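Me: Could you take a close look at the salt bridges in this model and walk me through where the paired side chains sit?

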Amino acid sequence: NLVIFSFLQEGNGKVSRVIRMGTRKSQLARIQTDSVAGRLRELYPDVHLEIGEDILPAIICMNSLYINCIVFVVSFNQMVDIVVHSLKDLPTSLPPGFTIGAILQRENPHDAVVLHPKNAGLTLDSLPERSVIGTSSLRRAAQLKKRFPQLEFENIRGNLNTRLKKLDEKDDYAAIILAAAGLKRMGWESRISQILGPEDCMYAVGQGALAVEVRAQDKDILEMVSVLHHPDTVLQCISERAFLRQLEGGCSVPVAVHTEVKGSMLYLTGAVYSLDGADCLKDTMQTVVEIDNKVSESAQECVHVGVTANSVSSSALEAAEKLGMDLANALLNKGAKDILTTARKLNDAR
Ligand code: DPM
């Protein structure tokens, strides 16, 4: 477990650590990394923050739909200290040695409809029958097939730029479904024609939140990024991730959630679906998340579904994690395993 630190000597002789952030060539990854870098530079004007672009992809999700880059090795054996991800692309257990050191305030977590320009003014309800909607998300397709049986759903691949181009420049899709958060970060909010509420389509675990990944042993960096934690978002996302982990769902199963914090209550709704949405198990549970200012002392006990949140009340974190597990167990008792196993098999066979 080799860790290389770089230091910089300033004119006044002061030596300070150089902190390296890694990103990928995608525009969304760059925007997300820059926004976190901006926050860190504001908070720590004295640190030397560098951003490098060529991280090696480490984890490639089962269906190779999303590439999550978690390796901290960049070319020439340099190391990066911080990587920013969309939380929803991070597995519920990270490779050993890594942790999520911050979860930032969630953007709008819902999915959005982006229409082909020729359909301006329409909605999923008013589009002509048999209109083709583009999405590669099993979660979105399952829920929307059930809710809008008059529409058809087809895969659409590629990054956000590619997808919008495919939508606008061809006649293959009447509309596509994308996360509102990604569209907003890209500056494409004006393309959102409809936000899908939980009655139409619940969101993915962690959707809309940014996660800052760091080395679990790197105390300095952990402390530095921990001020970025948004406590309510942390509690919501820990309950969602615990739900997904307990279901043994990965990034490619039809699992959806909805969470809310109201006062000291945390509400979690979770559901699993068959591929066509016909079978669905869904339930809501809640817990008290007391902010008791008791923060965890040992580093070990304060990791929850991959997240280190020393600055958040440990009893609240534990309650959030338990809520996710309890809800998953309730659905497992009603047969969620069968629904997910069948969905996975059918999807793999396609
Ligand atoms: C994951 C899914 C998708 C992404 C599956 C899902 C959508 C894939 C698709 C796990 N990751 O949501 O059910 O539509 O074919 C992704 C996006 C963002 C992060 C883009 C999007 C930006 C939003 C965010 C892809 N990952 O979902 O439109 O930060 O949450």
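Reply: Happy to! Let me start with accessibility terms: buried means under 20% relative accessible area, exposed means over 50%, and partly exposed lies in between (1.4 Å probe, protein chains only). This is a predicted model, in which local features need pLDDT of at least 70 and side-chain atom pairs count only at pLDDT 80 or more, while totals for chains, interfaces and linings use all residues. Residues are numbered from 1 along each chain as its sequence is written, and side-chain values use heavy atoms, with hydrogens and water left out.

A salt bridge here is a side-chain nitrogen of Lys or Arg within 4 Å of a carboxyl oxygen of Asp or Glu, and the count comes to 17. One of them pairs Asp-326 with Lys-322 at 2.8 Å, N to O. Both residues lie in helix 7 (residues 314-333), four residues apart, about one turn of the helix; helices (H or I, at least four residues) and strands (E, at least two) are DSSP runs, numbered from the N terminus. Asp-326 counts as partly exposed because its relative accessibility is 28%, whereas Lys-322, at 52%, is exposed.

Asp-81 and Arg-215 also meet in a salt bridge, at 3.3 Å from N to O. This pair links distant parts of the chain, 134 residues apart: Asp-81 is in the loop between strand 7 (78-79) and strand 8 (82-86), and Arg-215 is in strand 15 (residues 210-215). Both Asp-81 and Arg-215 are buried.

Finally, Asp-168 bridges to Arg-191, with their closest N and O atoms 2.7 Å apart. Asp-168 is partly exposed at 30% relative accessibility, and Arg-191 is partly exposed at 23%.
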